[in-house]
Amino acid sequence: MFEIKKICCIGAGYVGGPTCSVIAHMCPEIRVTVVDVNESRIHAWNSPTLPIYEPGLKEVVESCRGKNLFFSTNIDDAIKEADLVFISVLSNPEFLAEGTAIKDLKNPDRVLIGGDETPEGQRAVQALCAVYEHWVPREKILTTNTWSSELSKLAANAFLAQRISSINSISALCEATGADVEEVATAIGMDQRIGNKFLKASVGFGGSCFQKDVLNLVYLCEALNLPEVARYWQQVIDMNDYQRRRFASRIIDSLFNTVTDKKIAILGFAFKKDTGDTRESSSIYISKYLMDEGAHLHIYDPKVPREQIVVDLSHPGVSEDDQVSRLVTISKDPYEACDGAHAVVICTEWDMFKELDYERIHKKMLKPAFIFDGRRVLDGLHNELQTIGFQIETIGKKVSSKRIPYAPSGEIPKFSLQDPPNKKPKV
């Protein structure tokens, strides 16, 4: 069997960088070169400050960089010298979750390799299997034809996104009836046929994969003349959009139907904790809706650089003219963001937000002081926060019978970062 001694990975982003760093770490006899046209990104991979944040990644990279792991912009030579070239394709799809990517790579549920059902294709499949067998048990390495591997990737993310949209739909029902979506999720999650994973109600899913892969599935179904199937999966995206608009409407309506010229503290901008990735983050959408209503946003995230927040909010589909410069301030710590605010909006479930000094925050806020918990991170603190004086609004639960009534007064229009920019409608 052909033995792989040199690997080239094209693309030094959130997938290629961590994946090939772990391959180099687990296979010290294989030379791994990660290439990219982005010189600043490659420079960052070769520096003490990596271009992405992922728990455990820095230690893996530093253990083998310069030994059998290299980052370069010399793409042509790396390809010519390689026995195996990794490109971001679905024949060997990744099933990584940002925030746990290194753990997922070192101890995967499965590795899926698809290939042509030809002698050449099968030899390539077996050669790649041999690389993963350095640390992955053979029974966890699945080999399929190319179509099966591609659809498995899309279907896996579609099923996970579907579960989030499903529990988010129940959260709206819980708020209308007085049920607690966390209690409902626990009850149904104890059913072994359902399980308890991905039943956390929130302001909506984000990241680079879920929406993209569901929409790829929708497109594929439409192209193959399966309109009923396409409409079914489109509803997963529609429910996610609805959850974001519903949460933004709740903020506006709770603040007496206007946020114009009011200071709103946005805590968290990454699409989930333990990553600096902001792609399709619900924070972008919530910020857009509030900016459209004239709110002044003070944003804090422990891992997202100021420049990235400004770039995301300056997207033509999100803002126009000088909106960001007029309405957005990036804060250096959560207390600065909350100082003088009318409301605190938690958009990312960073653990540090559970440990803030909320009495200190309340003293510096305008009254009545509101907290909108879009991630259910403060569930255990409701009594304490109410005693301090906060009005608490959270996903899928009525916190207090004394709460200011929530009655939606208007519909926030849909938008997508994939749509071409147009003149923004006002609510």
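The legends below accompany close-up views of a predicted protein model.

**Figure 1. Confidence of the predicted model.** The protein has a mean pLDDT of 93, with 93% of its residues at 70 or more. Over residues 423-427, pLDDT stays under 50. For this stretch, residues 423-427, the model has 14 contacts beyond four places in sequence.

**Figure 2. Domain assignment of the protein.** The assignment gives domain 1, covering residues 6-136, domain 2, covering 152-239, and domain 3, covering 250-394.

**Figure 3. Contact between domain 1 and domain 2.** The C-alpha centres of domain 1 and domain 2 are 30 Å apart. Domain 1 brings 7 residues to the contact, and domain 2 brings 5 residues. About 420 Å² of area is buried between domain 1 and domain 2. Carbon and sulfur atoms give 68% of that buried area.

**Figure 4. Position of the second largest pocket.** Both domain 1 (6-136) and domain 3 (250-394) give residues to the lining of the second largest pocket, which therefore lies between them. The space in this pocket is about 700 Å³.

**Figure 5. Lining of the second largest pocket.** The lining of the second largest pocket consists of 28 residues. Tyr14, Pro51, Ile52, Gly276 and Gln308 are the lining residues that lie nearest the pocket centre. Helix H3 (57-64) and helix H12 (306-313) are the elements that give two or more residues to this lining. By residue class, the lining of the second largest pocket holds 12 nonpolar, 7 polar and 9 charged residues.

Methods: Residues are numbered from 1 along each chain as its sequence is written. This is a predicted model: local features need pLDDT of at least 70, side-chain atom pairs count only at pLDDT 80 or more; totals for chains, interfaces and linings use all residues. Side-chain values use heavy atoms; hydrogens and water are left out. pLDDT is the predictor's confidence in each residue, from 0 to 100. Contact means heavy atoms within 4.5 Å. On a 1 Å grid over the protein atoms alone, a cavity is a set of points where a 1.4 Å probe fits but cannot get out, and a pocket is an open set with protein on both sides within 12 Å along at least five of seven lines; lining residues have an atom within 4 Å of a point. Grid points are joined across faces, edges and corners, and a volume is the space filled by probe spheres set on the points. Helices (H or I, at least four residues) and strands (E, at least two) are DSSP runs, numbered from the N terminus. Ala, Val, Leu, Ile, Met, Phe, Trp, Tyr, Cys and Pro count as nonpolar, Asp, Glu, Lys and Arg as charged, and the others, Gly among them, as polar. Domain bounds come from an automatic or database domain assignment. Buried area is the accessible area (1.4 Å probe) that two parts lose on being put together, summed over both.
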